[in-house]
Number of protein chains: 2
Amino acid sequence: MERLPGFRDFYPEPLPHPDLWSAEARQYLFGKWRAVARRYGFREYDGPPLEPLELFTTKSGEEIVGQLYHFTDKGGREVSLRPEMTPTLARMISAHERSYKKPVKWFAIPQLFRYERQQKGRLREHFQLNADILGESAPAADAELIALLIDVLRSLGLTDRDFVARLSSRNAWHDFFLRHQGDAANEYEFFQIIDKLEREGPESSDEKLRRLGFSLEQVNAFIEKGEPTAELQAILHDLTARGLKDFVQIDYHIIRGLAYYTGPVFEAFDKKGELRAIAGGGRYDGLIKLISGGKVNLPALGFGMGDVVLLELLKERGLVPQLDAGLDVFCLIEDETLRAESLNLIQTLRTAGLAVEYALTPAKSDKQFKRAQELKAAHTVRLERVSAGSLKVKIKNLQSRDESMVDAAVATERLCANRA
Amino acid sequence: MERLPGFRDFYPEPLPHPDLWSAEARQYLFGKWRAVARRYGFREYDGPPLEPLELFTTKSGEEIVGQLYHFTDKGGREVSLRPEMTPTLARMISAHERSYKKPVKWFAIPQLFRYERQQKGRLREHFQLNADILGESAPAADAELIALLIDVLRSLGLTDRDFVARLSSRNAWHDFFLRHQGDAANEYEFFQIIDKLEREGPESSDEKLRRLGFSLEQVNAFIEKGEPTAELQAILHDLTARGLKDFVQIDYHIIRGLAYYTGPVFEAFDKKGELRAIAGGGRYDGLIKLISGGKVNLPALGFGMGDVVLLELLKERGLVPQLDAGLDVFCLIEDETLRAESLNLIQTLRTAGLAVEYALTPAKSDKQFKRAQELKAAHTVRLERVSAGSLKVKIKNLQSRDESMVDAAVATERLCANRA
């Protein structure tokens, strides 16, 4: 029986096939995401993977339904697997807004789902780091969020030679639109054309722009000039103070597809420009009010960073560390009359926090030793009977080949010290 | 807008309401699960939360459909949110069986879903630690798995005064059934009666047993005698060698509801007996063959441990640690002309691995200090201009109230040392 198309299995390393996904690489990524978010003072939350369909259509309109993994449940409810986290965040904060001091800085690592037309290799699920700041309208919050994005990528070994965060502003485009007498009814359509500029042919873009009373020339001149708004200047100033200036550039090509963004927006890309965006986000000051039905009104901003493009980039740069069992000790049981005592030693070592493996059933010495090597154990230990039947532990360092013979109590101590 | 009935939101601490679920308590639990499983040499895997419906009906028959969260997707496929992890594990190992050395020791922390009739407070999802050993039929594997279960609970602060693993055997009951001339066609029905013995009235149980040619008296005598089979003796012997004897007892009341168990079975309970089972599992030697359509045949055993009952027990015993922001440093910015330099210091501290917060916008001194206290920061730091405009860092330990004035470079070093 096969898994569903567009879904992934995650296997332990070493992977049987390079096309498979690694559960341990995923945990490595999640660990970094979590650690850096916490360093920035972000707190973790999560919601259900399944929500009322209405939660997602309220925000993005009925047209999003075509991309949703939605269905009718046994109770007759219209429900959907979550395609994004922001509506859940808005729902959660609205329910308990007064209990949390502003600004609220929250993160989550949800699995998200989309039911798009099946294309070869196109996934229907991915994991995403979502980080949001609620209740602060100053550009200092945008800078803090972008700094988090940059430091998450740096913590994975990526540098300013590998990626750049392209920073733009809905407000800058809004002003451009007004300055050139655009018709308010067409503004979102105009934003959509800008969003597709880099993917569409210039003739097609120009034609579409002209229909709204603009020209590609005008638009390109504005992008080329790339003059930062006061808001963007404040963000740049803040990031410069942190020493992160080389990781950002003003780039008005970025505008973000979704309707609800209101201020600064940004996307991070690999510098070779071969991959889709690594992360993207921006301000969405009106959304909490919309989703809470007017109950709560908070300025807000956030970004999402998916696991698929990021792991692709890390693999390409050789930045996924060797992930193995992380075994500290393999206990060799060569004398079966010592199995009970060996189990006792294994228990002691594990209780001390060491990762320990052994052969569950009697096996030849060389087979046990080979298994220890396959599992990349740091040490082997072996109980040996010495004078007058007393027991000692022989410790072997599999890297240096050093051996020593010690009492059981000393063995635990020494192995713990060697690990740290 | 409300979340769906039976689903949980997970909030950051401190929780606005005691009935809410804590994302940080959940992460604490997952962290312990993961750490102890790794100590035992188990490797992580995961599969999709959504699988073909057939994967679950193959194993447990059509009658399980009533409890599944299943539906028809947009491609006309019959699919289901996973109610348990074992079928996914069997599917995954069958696809790449030759690539993994036996015994395979794998764990996962899936979210599982059931659509049961809605009862007050009854959840439709939970998380579960799943640990399985594949490819080893010796009782040493059962002992290793039960030892893991015990040590996971011990790592959370629970002792042999808090819980016990009740150990039983399908084989023992199978032998009992044959010895008393049971009709093979009725064996599963007989197991179901045993499974419900502790929850049903004795008259009702006796009546049901008599219909199959047994009596409650016979059954109770067998349970009371509780003579361990050779297999169970081997498991007890192994656990005794590890010093874990006090955590287990033979108890033939346990038989496990599901059809597919084949050998030793067990469940862990709180000793007060107030809660549902904390964990349960056993051997299912025929299942991999069944699910793989005969492609792969591996003896197997595993257990599941849910987050709901366990968190309930930990809360009751006061064993959930105080979970707060874990903030190392709050940076006070009292002189706004020093904001850029303060951001630089914050960046340095965070890069060194410290969790640092600060006020995004200008705020009064006492308000900033109050926020530092609310977030339970270990230290505050504050840049101060000293002679000739040079800058020093004033560090304050919020516990001891000790203050010191140092150079920025020294500040990072000292704060990192204080944390470790």
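1. For the comparison of the chains, copies are superposed by least squares on the C-alpha atoms of residues with pLDDT of at least 70 in both. On that basis chain B is superposed on chain A by a rotation of 180° with 0.0 Å of shift along its axis, at an RMSD of 0.0 Å. That is the relation of a two-fold axis, and in chain B the C-alpha nearest this axis belongs to F71(B), at 3.5 Å from it.

2. Some conventions should be kept in mind. This is a predicted model, in which local features need pLDDT of at least 70 and side-chain atom pairs count only at pLDDT 80 or more, whereas totals for chains, interfaces and linings use all residues. Residues are numbered from 1 along each chain as its sequence is written, while chains are lettered from A and ligands numbered from 1 in the order in which they are written.

3. Turning to the interface, 70 residues of chain B are in contact with 70 residues of chain A, where contact requires that the C-beta atoms, placed from the backbone, lie within 7 Å. The side of chain B that touches chain A is made up of 33 nonpolar, 12 polar and 25 charged residues; here Ala, Val, Leu, Ile, Met, Phe, Trp, Tyr, Cys and Pro count as nonpolar, Asp, Glu, Lys and Arg as charged, and the others, Gly among them, as polar. Because 100% of the interface residues of chain B are also interface residues in chain A, the copies meet through the same surface.

4. Chain A is divided into domain 1 (10-316) and domain 2 (329-419), with bounds that come from an automatic or database domain assignment. The C-alpha centres of these two domains of chain A lie 50 Å apart.

5. Within chain A, three strands form an open sheet in the order β4-β6-β5, with antiparallel pairing; strands (E, at least two residues) and helices (H or I, at least four) are DSSP runs numbered from the N terminus, and two strands pair if DSSP finds at least two bridges between them. β4 and β5 of chain A stand at the edges, each with a single partner strand, so one side of each is left without a neighbour in the sheet. The twist from one strand to the next averages 30°, with axes being lines fitted to C-alpha atoms (for helices, over the stretch in contact) and angles running from 0 to 180 degrees between N-to-C directions.

6. β4 (residues 50-52) of chain A pairs with β6 (residues 78-81) of chain A over three bridges, and P52(A) stands opposite V79(A). Four bridges join β5 (residues 69-72) of chain A to β6(A), with Y69(A) opposite L81(A) and T72(A) opposite E78(A). β5(A) and β6(A) form a hairpin with five residues between them, and G76(A) in the turn has a positive phi of about 80°.

7. In chain B, an open sheet of five strands with mixed pairing has the order β16-β15-β17-β18-β19. Its edge strands, β16 (356-358) and β19 (403-406) of chain B, each pair on one side only, and neighbouring strands are turned by 25° against each other on average, direction ignored. Seven bridges join the antiparallel strands β17 (residues 379-385) and β18 (residues 391-397) of chain B, V381(B) having I395(B) as its bridge partner.

8. Which strands of chain B does helix α14 (residues 408-419) touch? This helix packs on the sheet against β15, β17, β18 and β19 of chain B, and its direction makes about 20° with that of β18(B). Helix α13 (residues 365-374) of chain B lies across β15 (329-332) and β17 of chain B, running at about 175° to β15(B).

Technical notes:
Contact = placed C-beta atoms within 7 Å.
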